[in-house]
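Let's take a friendly walk through this fold, from a helix and its sheet out to the domains.

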Amino acid sequence: MSEETEKTVLEELEEEAARWQEAFPHLRFDHMYYPNAGWPRLVWKLCERLERFAEKYDVLIHIMQVKEKFGTLRFYTGEITELDGSELSEDREDTRLIYERKCDIIEEIETASGYLCEKCESYAKRCRPNGFWIRTLCESCEGEAISN
Ligand SMILES: [Zn+2]
């Protein structure tokens with residue numbers, strides 16, 4: 001491959017981001033290319049559920065931050081808006097329900113992340129591979145974490 005045709009890392013990330021945005025048109029990844037915090041299948045599944053939910057209620061869900069903390073996935077959303085990005089209409093009677101249901105969907109997946117390896121998503125347990133940070137890793141990934 002010649003150097004002229006090779007994509008830059010930023011171009012690759014933008015392509016990846018476009019794939020996510022295409023798959024989840026009712027989600028907006030406001031401060032990231034796409035969520036990338038471990039548990040890739042679990043995060044994708046969460047986005048699928050949020051997408052179906054947002055589509056049903058005709059809203060946009062803004063995703064602010066996705067990360068690992070104390071060994072589990074944290075998925076922080078911001079505002080939920082109308083599809084054009086404006087505030088939810090005051091005429092809506094489902095605003096409270098939308099926010100509550102959104103929290104339930106995220107909570108279920110965050111809880112599941114405590115039982116699955118953040119790298120390979122096999123069954124896992126909380127551990128402290130380097131004696132300090134809590135991680136959720138399977139035996140094999142814990143072994144790698146210790147040797148690195
Ligand atoms: Zn693993």
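Helix H3 (residues 95-113) lies across S2 and S3 and runs at about 165° to S3. Such angles, from 0 to 180 degrees, are taken between N-to-C directions of axes, which are lines fitted to C-alpha atoms, for helices over the stretch in contact. Helices (H or I, at least four residues) and strands (E, at least two) are DSSP runs numbered from the N terminus.

A word on the source: this is a predicted model, in which local features need pLDDT of at least 70 and side-chain atom pairs count only at pLDDT 80 or more, while totals for chains, interfaces and linings use all residues. Residues are numbered from 1 along each chain as its sequence is written.

Now to the sheet. It is open, with 3 strands in the order S1-S2-S3 and mixed pairing, where a pair needs at least two DSSP bridges between the strands. S1 and S3 stand at the edges with a single partner strand each, so one side of each has no neighbour in the sheet. From one strand to the next, the twist averages 35°.

| Strand | Residues |
|---|---|
| S1 | residues 27-29 |
| S2 | residues 59-69 |
| S3 | residues 72-82 |

S2 and S3 run antiparallel and are joined by 9 bridges; Lys69 has Thr72 in S3 as its bridge partner.

Finally, the domains: an automatic or database assignment divides the chain into domain 1 (9-114) and domain 2 (117-148). Their centres, taken over C-alpha atoms, are 26 Å apart. In domain 1, 10 residues are in contact with 7 residues of domain 2, contact meaning C-beta atoms, placed from the backbone, within 7 Å.

Terms used. Contact = placed C-beta atoms within 7 Å.
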